[in-house]
Amino acid sequence: MSSLRVENLSVSIENKLVLRDVSFELKRGEIISIMGPNGSGKTSLALAIMGHPKYEILSGRILLDDEEITHLSPDERSLRGLFLAFQNPIEVKGIRLSTLIFSALNKRRGERNLLKSDPKIIPLLMQNLREVGLSNDHLHRDVNLGFSGGEKKRAELLQALMLKPKFLILDEPDSGLDVDGIKITAKKIKELASQGTGIIIITHYARLLKYLSPKEIIVISDGKIIARGGSELSYLIEERGYEALKGDLNA
Amino acid sequence: MHDSDINRLLESSPKWEILSELPTPKEIIIGGELRESVIRDISRIKKEPNWMLRLRLRAFEIWERLPSPNWLLGVEDLNLENLAHYVKPAITTKNDYESLPQKIYDFYVSLGIPESEAKYLSGLAGVLDSETIIMRVKEWLRKMNVIFMEMEEAVKKYPDLVKKYFSRVYPVADHKFAALHYALWSGGAFVYVPPNVKITQPIEAFFMISSALESQYEHTMVIADESSYIHFIEGCAAPMFPKYSFHNGAVEVYVHRKAHVRFTTIQNWSKKIINFNNKRSIVEEGGYVEWLEGGIGARVSYVYPSAVLRGKNAKASILAVSIANGPYIKDSGAKVYHLAPNTKSEVIAKSISSNGGLTIYRGLIYIAKGARNATSHVQCDSLLLDDRSRSVTIPHNQVLEDSAEVTHEATAGKISEDALFYLQSRGLSEEEGKSLIVLGFMHDLIKELPFEMANILNTVVQLEFSKLGGVG
C-alpha cells in the first residue's frame, strides 16, 4: 500500500532542536491533521519532509512508498509525488506562475523543453484557476509577486491541483483566506483525497477541519507529539486550547 | 515579437555547437610592433584613396599621444604587439556561400545564417578576421536605391557620402582605443537608406574571428536619410581558441530628420575574446534611434551604445542585457546627450552575474542648457545568482537645464535559497530553476527581437545556463 511514513524523526535548524522523535504514517486517500500552537514545530516538520537544506536530520527516516527519501534533494522528492503548499509561499521574480506550472508538469512527463506549453493542459488549467478563485492575470504574473496572502494560498492550491501529488502537505492553508476561500480549499482537498492523494493539513485552528473530518489528528508541542486521536481532539482544542491539552497530559 | 512567438521560440530546442578551432587559410597577416608602416601597408593593400590614409595616420598619431583609460579591468594581458593587426583570409568571391571555405560554411549553417538570410533578411555582410567574406543583397534593396556594401567599397565608390559621416559620429579622439580603431579599421558594412524608404526586413552583419591573437577592427555605418527606417542586426561568434583575441569595432549611426533606426546586437563571442565596441548615433529632429544589445559572450566586454539627440523631439531608447557567467567582466551601459528641446531617452540595463562574474553599468545622461523639457529615464536591474558574483552600477547625470526631468531607478536582486527551494519543491533542479529565472529576467529583450534572432539568443542562454552550478 502506498504510504508516506515518518519514523522517529529528530531535526535541528542552526543547531537548535526543533523536532524530537516524531513518527506517523499516512496512506494514499487519507486525510490527517497536524495541530499545535505557534512555534511548536509544525512548519519545521513540513519543510524537513520536503527537504529544505537548512534542516538537518539528526535521526530517523522518511519513507515514501517504502523507499527512503530522507536524504534526497527537494526536486527528487517532488518528482516522487510529494507536494508542499507553503505557509508563506515564496515570491519568485522572473518566473510567471504559468511558466512554473508548465515546467513542473513538463519535468514530470520527461519533456526536455521545460517551457513547452501543451495546449491540451490549458482547459484544465483554466478550470482549476477559476475554481480556486484566481484570474488569468495571476497566471501571467511572476510567482506570488505582489499577491495578497489569500491569493498566494489559492495559487498554492492551484499548483497542487495541477500536479496531483501522491502526498500533499498543506501548511496553514486557511490563513489569509476568507470564508469562501476556506470552503473552496476544503472542497478541493476532499476531491484530491477521493482521487487518491494522501493529505496532511497543518493548522492551529479547527475551523478547516470541520469540513474535512480527518482520520487522525496529531498534536505537536515543543517539537514532540503530545497527543493523537480522532476528530474529537480538534473540538477539544477549539474549546479548551492547547494549554488545557498539555495540562491534561501532564496531569 | 508576440507572446505566442515567444512560446514557439522557447519550445525550440538548442542546436548550437561550439567549435574548438576554425582554421582557415590566410592570404596576408600583418603583426608585430605597431608602427606607421603597418598603417601604410593596410591602406596600400586596400588600395584606398589618400584621404582615408591621412585619416588613419592622424588617428595613429592621436593613439600614440592619448593615455590608456585607467579604469579598465581584465585586459592586463592585452598586448598589441603580440597581435596580428590585419588578417586577410584567402577568399576571392563574395557573393555566394559555395565559395566559402567548407569549415566556415558549415559554421554558418550551424548558426542558421544562410537559412535566415534567405527567409527574412534584406541583406547580409559576413566578416571573417579583417575582411568581408560574403555580401548578399536582395534585389528589392537595389530597386529602392539603398546602398549596402562593404565599407571599403563605399569609401571608393561614394567618397563624398562616406566623408560626410565617417568619424563624424564617433570621433577619432574620443579615447585611445577609438583612435586605434580608426588607424587600423578593416572590414564592415556601409548602409545608406534614401529618404522615405522603409526597409521592412532587417540587414545583418555577422562577425567572426577564426584564430587566437588576432585583432578585428570592423567599421559599420548606417545612414538613415529623412523619414526612412531600417533595422540593422549585428551578430558575432568565435571558436574557443587557446589564447585571446581582440575585437575593437565601431558602429556609427546617423538618423536624419524623422528617420528611425533600430540597431540590434547579439554579442556571443567565445570566452577568449576581449571585446570593445564603440557605438554612437546622432539623431536629428524627430528622429528615433533604438539600440538593443545582448551581451552574452566574451571574456571582457566594454560597450556603451550612445545617442546624441541633436534635433528637437529626437528620441533614443537603449536596452542592454549583459551576462557574466564565470570569471568574466561585462562593463556596459549607455550614454545619451540631450542637446535640443523635447528630446526623450529611455535606458534599460539588465545584468546577470553568476559563478563569480562581474557586471558593471556605467552610464551618462547629459542634458545641455536649452534642451527644454528633455526627459530621461534610466532603469538598472541586476540579478545575482550566487554570493561569489558582483554587480556595480555607476550612473552619471549631468543636467544643465532646469525644465528637464531625469529619473534613475536601480534594483538588485539575488536568487535566494528560499526561492530555489521553492522551485525545487515543484520538481525543478537548482540549475533549471536558475535558467528559468534568467530567461524571465531577459524577457524584455527577447520580446523585442525578431524570431530568428531571439532563437539564437535563447539557444545561447540555455546553453550558457545548462552549465550553471558547475564552476564557470
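Ala125(B) stands opposite Ala205(B), a residue of strand β7(B), in a predicted model whose local features need pLDDT of at least 70, whose side-chain atom pairs count only at pLDDT 80 or more, and whose totals for chains, interfaces and linings use all residues. Residues are numbered from 1 along each chain as its sequence is written, chains are lettered from A and ligands numbered from 1 in the order in which they are written, and side-chain values use heavy atoms, with hydrogens and water left out. Strand β3 (residues 123-128) of chain B is joined by 6 bridges to strand β7 (residues 203-208) of chain B, and the two run parallel. Helices (H or I, at least four residues) and strands (E, at least two) are DSSP runs, numbered from the N terminus, and two strands are taken to pair if DSSP finds at least two bridges between them.

## The wider sheet of chain B

In chain B, 10 strands form an open sheet with mixed pairing, in the order β4-β3-β7-β10-β12-β14-β17-β19-β21-β23. Its edge strands are β4 (131-137) and β23 (405-414) of chain B, each of which pairs on one side only, and the twist averages 10° from one strand to the next. Helix α4 (residues 102-110) of chain B packs on this sheet, where it touches β3, β4, β7 and β10 (229-237) of chain B, and its direction makes about 125° with that of β7(B). For such angles, axes are lines fitted to C-alpha atoms, for helices over the stretch in contact, and the values run from 0 to 180 degrees between N-to-C directions.

## The sheet of chain A

Strands of a sheet pair through backbone hydrogen bonds, either parallel or antiparallel. In chain A, 4 strands form an open sheet with antiparallel pairing, in the order β2-β1-β4-β5. Strands β2 (16-27) and β5 of chain A stand at the edges with a single partner strand each, so one side of each is left without a neighbour in the sheet. Strand β1 (residues 3-13) of chain A is joined to strand β4 (residues 55-64) of chain A by 8 bridges, the two running antiparallel, and Ile13(A) has Tyr55(A) in β4(A) as its bridge partner.

Glu7(A) is found in strand β1 of chain A, and its C-alpha atom is separated by 6.7 Å from that of Phe24(A), 17 residues apart along the chain. Leaving aside residues up to four places away in sequence, Glu7(A) touches Val22(A), Ser23(A), Gly60(A), Arg61(A) and Leu63(A), contact meaning heavy atoms within 4.5 Å.

## Salt bridges

The structure holds 45 salt bridges over all chains, each being a side-chain nitrogen of Lys or Arg within 4 Å of a carboxyl oxygen of Asp or Glu. One of them joins Glu67(A) to Arg80(A), with the closest N and O atoms 2.9 Å apart. Glu67(A) lies in strand β5 (residues 67-68) of chain A and Arg80(A) in the loop between α2 (74-79) and β6 (82-85) of chain A, so this pair ties together parts that are 13 residues apart in sequence.

## The interface of chains A and B

In chain B, 28 residues are in contact with 38 residues of chain A. Phe421(B), Tyr422(B) and Arg426(B) supply 31% of the area that chain B buries against chain A, more than any other three residues, where buried area is the accessible area (1.4 Å probe) that two parts lose on being put together, summed over both.

Across this interface the rule finds 3 salt bridges, and Glu417(B) forms a salt bridge with Lys54(A), the closest N and O atoms being 3.8 Å apart. The elements that give two or more residues to the side of chain B that touches chain A are α1 (3-11), α10 (417-424) and α11 (430-441) of chain B.
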